[in-house]
Amino acid sequence: MHDDNKRVTQRQADDDGIDRRGMLKCMAWVGTGVIWSVAGGVATSRLLGKEPSAKPTFSFVQISDSHLGFARDPNKDVAATLKQTIAKINALPEQPAFVLHTGDLTHLAKPEEFDAVAQLLKEVKSGTIHYVPGEHDFDSDGNKEYLNRYGKGTKGAGWYSFDHKGVHFVGLVNVASNKSGTGDGGLGVIGKEQIAWLEKDVGGLKNSTPIVVFAHVPLWTVHEKWGWGTRDSEEALKILKPFGSLTVLNGHIHQVMQKVEGSVTFHTARSTAFPQAEPGKGTPGPLRDLPADRLKAALGLTDISYVEKAGTLAIVDSTIE
């Protein structure tokens with residue numbers, strides 16, 4: 001682990017290869033496939049291939065960082081790897097209720113890039129896709145291109161919420177103040193207007209309601225110097241932590257990392273386009289020297305299931321390899 005997160009420690013893994021004590025587990029982008037369940041603030045796990053203890057009420061898939069328009073090493077055809085990701089979603093034994101895309105649909109927020117990603121995502125069988133923008137989706141005209149396509153029914157720069165079978169989903173926008181991309185140390189920002197909206201949005205919910213928050217930049221500080229965190233995330237989390245089950249899904253860092261803190265599970269997803277370096281190692285940005293035969297093992301999606309009676313969320317990460 002790294003000096004800028006001294007509270008995080010690593011412990012010897014159990015038989016499943018997962019630390020059940022709930023500290024940070026860095027799975028990076030090596031292709032690990034693990035199911036996580038959270039019940040009563042305690043994280044448990046099982047490896048892919050093991051049967052779940054209960055049939056899920058429903059499942060959904062998270063994808064992130066498609067970067068349509070990117071065409072350099074290590075992936076000169078990001079459309080092809082997004083197609084492979086979609087094929088994997090469509091091949092799931094049970095189709096997900098919907099897909100969450102946690103931002104950076106495009107690389108430069110050009111209309112033709114938005115058109116290209118929309119055309120590809122039409123192939124997702126489940127049909128319903130919920131979006132939040134990444135900083136690469138912000139154009140020079142106040143996020144106009146993104147909002148024209150995905151802003152209906154949203155507030156401000158594109159935040160909103162919805163409910164599905166007893167779970168409350170909140171899509172936050174924490175990139176409106178960070179349009180310069182990776183590498184400049186600019187942390188994500190939620191902002192006072194959005195935090196006030198969030199407090200009102202969840203104000204009438206029972207504390208037993210499972211909450212899933214999805215945003216582009218992580219809501220916990222992965223690596224501050226690289227801007228891999230959200231400056232005012234604690235203000236939002238203070239509102240959300242009274243809920244017994246809180247899952248926070250993010251993208252931006254292009255690798256799987258997870259942190260469990262009480263009843264809160266933070267989880268970042270792989271990109272469908274290219275991996276980035278591990279926090280603090282080298283520089284942020286595409287791993288340009290990644291061997292071609294390792295690319296697919298570095299890209300992937302996250303499948304998440306909810307078991308109503310158990311109040312759990314099970315998280316499965318897989319690659320497109």
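The model is predicted, so local features need pLDDT of at least 70 and side-chain atom pairs count only at pLDDT 80 or more, while totals for chains, interfaces and linings use all residues. Residues are numbered from 1 along each chain as its sequence is written, and side-chain values use heavy atoms, with hydrogens and water left out.

Let's start with the rings. Phe, Tyr and Trp rings (the six-membered one for Trp) pair if their centres lie within 6.5 Å; planes under 30 degrees apart are stacked, over 60 edge-to-face, and the rest tilted. That rule gives 13 aromatic pairs. Take F60 and F169: their centres are 5.2 Å apart and their planes stand at 80°, so this pair is edge-to-face. F60 belongs to strand β4 (residues 58-63) and F169 to strand β8 (residues 167-171), so the pair ties together parts 109 residues apart in sequence; strands here are DSSP runs of E, at least two residues, and helices are runs of H or I, at least four, numbered from the N terminus.

Are these two buried or exposed? Buried means under 20% relative accessible area, exposed over 50%, and partly exposed in between, with a 1.4 Å probe and protein chains only. F60, at 1%, counts as buried, and so does F169, at 0%. F169 also pairs with F162, this time stacked, at 4.8 Å centre to centre and 0° between the planes. Ring pairs link F60, F98, Y160, F162, F169 and F214 into a cluster.

Finally, D139: it lies in the loop between β6 (129-131) and α3 (144-150), and is buried at 11%.
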